[in-house]
Amino acid sequence: MENFTQAISLIESAKQILITCHVRPDGDGIGSIVALKNIIEKTARQNRRDCEVQLLLLSKASQVYQFVFSEPPWILEQDITQQQIDAGELDKFDLIIVVDTSATRQLKGIADYLKKREQKAGSAQSGDCSVMIIDHHLSGDIRGDCRLINTKACAAGEIVYDLCQKANWPLDESSATALLAAIGTDTGWFRYENTTARTFEISAALVQAGAQPEKLYQKLCQNYPPERLRLVTLALETLELHAEDRLATMWITSRMLAQSGAKRAHIENIVNEPQQIGSVIAVLLFVELDDGGTRVSLRSKAVVDVNEVARQFGGGGHARAAGVTIELPLEEAQSQIINAMLTALKE
């Protein structure tokens, strides 16, 4: 971890801040940016300092996360367009904070602007064009002017928590709830390998600050519409086992989405279903996209570093959870990535 002092200085001196995260925002991305916005604004009010904070989502969030937002965020192509961004609409923000990623491929719609902004900041005499990165992933190609990177953190929410502690910014109930949502979802509610003793220490502090785990879990994990369960059923019907039942694969097509009545946001976490099989080490979920490409989610319990497999195709993530979008139809994507995963299982 590095640059806390610089990060605090940039935030406390900024008058207009934009905070964003990756496309297809998950619980960690959403919880982290919402908590950061709440904390920055509350601290600014307490110190009688003018500071406006705006959230930007690069794609719509699942309905299950809507309760986390205290007010609606901007959504790309709904509240601000790609053309407006390219024309410099975001120049009014003297600080942009990118959370839970630093990879161009996950920042569709804003990546080119961030690259240009980095160049502008590098040649500017003041820090009024700054880009800050808060991330816990292994890979990323956007440097930023200030980087809070900790690949050992269980979630981006852990780094946001650390930032608050270093800055002595107080946590209220809404911010604590958002951060517990971030940490809870990214650790699979403390089931995944990234869960550490410190994960529980931070979570305990968040509960003491007002977060209610049982209510949060119900809202996030027991609050889906019937259509999602229909989609899960259809996906499980495609389940195939390979490599002596160590690799499980499933797929979801546009037709299956229409048949179930589910939305693409409901696909989140379906990849984890085959992990209930004792022999399964790794899982691949292939999702047919509207443009003819394929989105692949990769998971593993042990042995296989799915980040390394995903990186072969331009994706990435964590050793136990990664993703990639490949510009091939579903069947061709299946052939290539299944073969790569089988090779990884042999190594």
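**Entry 1: Arg-311**

I started at Arg-311, which is partly exposed, with a relative accessible area of 46%. I am working on a predicted model. I looked for a charged partner and found Glu-308, which meets Arg-311 in a salt bridge at 3.7 Å, N to O. Glu-308 is also partly exposed, at 40% relative accessibility. Both residues belong to helix α11 (residues 306–311). They sit three residues apart, about one turn of the helix.

**Entry 2: the other salt bridges**

How many salt bridges does a search of the whole structure find? I get eight.

I took Asp-162 next. Asp-162 forms a salt bridge with Arg-198, with 2.6 Å between the closest N and O atoms. Which parts does this pair tie together? Asp-162 lies in helix α5 (residues 156–167) and Arg-198 in helix α7 (residues 197–208), so the bridge ties parts that are 36 residues apart in sequence. I checked accessibility for both. Asp-162 counts as buried, at 10%. Arg-198 is partly exposed, with a relative accessible area of 33%.

Then I looked up Arg-320. Its salt-bridge partner is Glu-193, and the closest N and O atoms are 3.1 Å apart. Arg-320 lies in the loop between β11 (316–317) and β12 (321–326), and Glu-193 in the loop between α6 (173–186) and α7, so this pair ties together parts 127 residues apart in sequence. Arg-320 counts as partly exposed at 22% relative accessibility. Glu-193 is exposed, with a relative accessible area of 56%.

I also noted a network of salt bridges that links Lys-37, Glu-41 and Glu-71.

**Entry 3: Asp-28**

I went to helix α2, where Asp-28 is placed. Is Asp-28 buried or exposed? Asp-28 is buried, yet I find no salt bridge for it. The nearest side chain of opposite charge is that of Arg-299, 12 Å away. The cut-off for a salt bridge is 4 Å.

What does the Asp-28 side chain reach instead? I find the backbone nitrogen of Ala-156 at 2.8 Å. A polar contact of 3.3 Å also joins the side chains of Asp-28 and His-136. I then listed its contacts, leaving aside neighbours within four places in sequence. They include Asp-100, Ala-155, Gly-157, Ala-182, Thr-185 and Asp-186.

**Entry 4: nonpolar cores**

I turned to the nonpolar side chains. The largest nonpolar core has 56 residues. Which residues have the most contacts inside it? I wrote down Ile-17, Ile-19, Ile-97, Ile-134 and Leu-163. Helix α2 (residues 27–46) gives the largest share of this core, eight residues.

Apart from the core of 56 residues lies another, of 23 residues. Among its members I noted Val-296, Leu-298, Ala-322 and Leu-345.

**Entry 5: the whole chain**

I count 12 helices and 12 strands. The C-alpha trace spans about 60 × 45 × 40 Å along its principal axes. Why does the radius of gyration agree with a compact globule? For 347 residues such a globule would have a value near 20 Å, and the protein has 20 Å, so the two agree. Of the 347 residues, 54% count as buried. I also looked at contacts between residues at least 6 apart in sequence, and 65% of them join residues at least 24 apart.

Definitions and conventions. Residues numbered from 1 in each chain as written. Predicted model: local features only at pLDDT ≥ 70, side-chain atom pairs only at ≥ 80, totals over all residues. Heavy atoms only, no water. Helix = DSSP H or I, 4+ residues; strand = E, 2+ residues; numbered from the N terminus. Buried < 20%, exposed > 50% of the residue type's maximum accessible area, 1.4 Å probe, protein only. Core = buried A, V, L, I, M, F, W, Y, C linked by side-chain atoms within 4.5 Å. Lys, Arg positive; Asp, Glu negative; His and termini not counted. Polar contact = N/O pair within 3.5 Å; in protein donor to acceptor, adjacent residues only side chain to side chain. Contact = heavy atoms within 4.5 Å. Rg over C-alpha atoms; globule rule 2.2 N^0.38 Å.
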